[in-house]
Amino acid sequence: MTPPDYEYLRKLLKDHSGLDLSADKQYLIESRLLPLSRKCGVSGIADLVQKMKGGSSTIIAQVVEAMTTNETFFFRDKVPFEHFRDTIMPEMLKARANRKSIRIWCAAGSTGQEPYSLAMSLKEMGAVLAGWRVEIIATDLSTEVLEKSKSGVYSQFEVQRGLPIQLLVKYFKQNGEFWQISPELRAMVQHRQLNLLHDFSQLGVFDVIFCRNVLIYFDQDTKINIFGRLARGMEGDGFLVLGAAETVVGLTDVFKPFPDKRGLYRPSGARAASPQAGGLTPRIAAMAGR
Amino acid sequence: MKTCLVVDDSSVIRKIARRILEEMDFQIIEAEDGEQALEACKRAMPTAVLLDWNMPVMDGYEFMCHLRRLPGGDVPKVVFCTTENGMDHISRALHGGANEYIMKPFDRDIVTAKFQEVGLIEFTEQSPV
């Protein structure tokens with residue numbers, strides 16, 4: 001890939017999705033875009049860039065989608081799901097005993113493994129949730145991955161990464177080489193297309209937000225802005241779960257780390273300095289198309 | 001040292017499995033069928049068994065049933081690794097005492113994930129990109 005092509009893609013991805021690639025991510029672009037260029041019938045990334053420069057908005061959309069779609073699997077990193085079962089849910093069962101309802105948001109729900117892992121965790125808790133209303137909202141930038149998430153259909157390869165065999169047997173139905181998660185679990189998850197750069201206040205207020213492995217793509221100002229808006233979209237005693245490589249420390253004081261639980265944060269009660277979506281630069285406000 | 005008994009009638013599969021498991025610091029013992037595997041377990045109980053289903057002489061399922069009745073035979077973690085990919089086989093294996101189940105074809109990631117699942121190797125976080 002030529003340096004000008006790399007720079008072009010970097011800038012375009014930043015403008016369209018907030019994805020902030022460092023100068024050394026050529027391998028990532030190649031691994032994601034070479035399959036796409038084949039799909040589009042062009043010979044390589046240079047031709048793909050040519051088409052994008054020619055103004056093909058469908059190709060641009062596909063490039064953004066290919067670059068921002070994360071590899072994911074069931075119970076990815078395990079620890080966050082232990083926090084969910086052992087810390088978050090016991091606290092919430094106490095704190096919401098009167099309301100008997102809990103709202104959970106998977107802010108980068110991707111192809112569904114995370115929201116369905118949470119749904120399975122909830123089912124495994126059994127009778128303590130009888131009479132409770134638990135909502136799981138899965139959002140993602142990409143409509144393609146949301147469609148896959150809705151269908152709940154996974155390949156044999158996908159169901160063997162992170163999913164204990166007992167849970168496969170319990171919650172999936174086999175269909176040839178594919179496995180589909182049960183209708184009951186699918187019904188526990190609602191799907192919405194959403195760009196985190198845009199206002200998300202319409203989703204309402206949540207008790208638990210999983211926002212893992214998505215903020216790493218954003219530059220510092222964007223991260224701070226999103227943290228501010230996440231804090232406003234969360235109950236004062238809620239929980240925020242970040243990815244293994246992510247933290248609020250040094251960026252914002254609207255969340256504080258939960259003691260001894262890595263990746264787990266709670267609102268601090270501090271007000272965000274810049275809580276408006278798109279308030280950062282006009283560039284972000286101009287992205288409303290996606 | 002952790003030991004893994006690799007039971008498969010295909011020498012190619014045994015070789016692939018050996019390569020993956022040796023990198024996880026397992027000492028490997030090989031068996032070509034259930035009967036050989038049972039003899040190996042009577043000599044010394046392995047930490048783990050990676051077990052094919054369909055084999056001559058004695059199949060993997062029958063081996064596991066014998067193993068689970070041996071003194072100390074409840075200790076090894078048994079991970080099936082087979083082309084029998086139907087729900088009926090998986091359920092039967094779990095009821096018979098299997099700890100995990102790998103559907104072939106498999107790769108290093110799947111073996112790693114499944115061995116982590118049953119606590120045979122430590123869990124590591126994957127880098128996000």
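**Close-up views of a two-chain model**

**View 1. A:Leu240 stands opposite A:Tyr265 in S10(A).** The model is predicted: local features need pLDDT of at least 70, side-chain atom pairs count only at pLDDT 80 or more, and totals for chains, interfaces and linings use all residues. Residues are numbered from 1 along each chain as its sequence is written, while chains are lettered from A and ligands numbered from 1 in the order in which they are written. Helices (H or I, at least four residues) and strands (E, at least two) are DSSP runs, numbered from the N terminus. Strand S8 (residues 234–242) and strand S10 (residues 264–267) of chain A run antiparallel, joined by two bridges. Two strands pair if DSSP finds at least two bridges between them.

**View 2. S9(A) and S10(A) form a hairpin.** Three bridges join strand S9 (residues 255–257) of chain A to S10(A), and the two run antiparallel. A:Phe255 has A:Pro267 as its bridge partner in S10(A). Six residues lie between the strands. In the turn, A:Asp260 has a positive phi of about 65 degrees.

**View 3. Seven strands of chain A form an open sheet.** The order is S6-S2-S1-S7-S8-S10-S9, with mixed pairing. Strand S6 (189–193) and S9 of chain A are the edge strands, each pairing on one side only. Neighbouring strands of this sheet are turned by 25 degrees against each other on average, direction ignored. Helix H10 (residues 220–232) of chain A packs on the sheet and touches strand S7 (206–211), S8, S9 and S10 of chain A. The direction of H10 makes about 135 degrees with that of S8(A). Axes are lines fitted to C-alpha atoms, for helices over the stretch in contact, and angles run from 0 to 180 degrees between N-to-C directions. Helix H7 (residues 143–151) of chain A lies across strand S2 (133–140) and S6 of chain A, running at about 165 degrees to S6(A).

**View 4. Helix H2 (residues 26–39) and helix H4 (residues 57–68) of chain A pack with their axes 9 Å apart.** The angle is about 140 degrees. That makes H2(A) oblique to H4(A) (under 35 degrees is roughly parallel, over 145 roughly antiparallel, 65 to 115 roughly perpendicular, the rest oblique). From H2(A), A:Arg32, A:Leu33 and A:Leu36 make the contact. From H4(A) come A:Gln62, A:Val63, A:Ala66 and A:Met67. Residues are in contact if their C-beta atoms, placed from the backbone, lie within 7 Å.

**View 5. A:Ser110 and B:Asp25 each have a positive phi in a residue other than glycine.** Phi of A:Ser110 is near 50 degrees. A:Ser110 sits in the loop between strand S1 (101–106) and helix H6 (113–125) of chain A. A:Ser110 counts as buried because 27 C-beta neighbours lie inside 10 Å. Phi of B:Asp25 is near 70 degrees. Its loop runs between helix H1 (11–23) and strand S2 (27–31) of chain B. B:Asp25 is exposed, with 10 other C-beta atoms within 10 Å. The cut-offs are 20 or more other C-beta atoms within 10 Å for buried, 12 or fewer for exposed, and partly exposed in between.

**View 6. A cis peptide bond joins B:Lys104 and B:Pro105.** Omega is about 0 degrees. B:Pro105 is found in the loop between S5 and H5 of chain B.

Note on methods: Contact = placed C-beta atoms within 7 Å.
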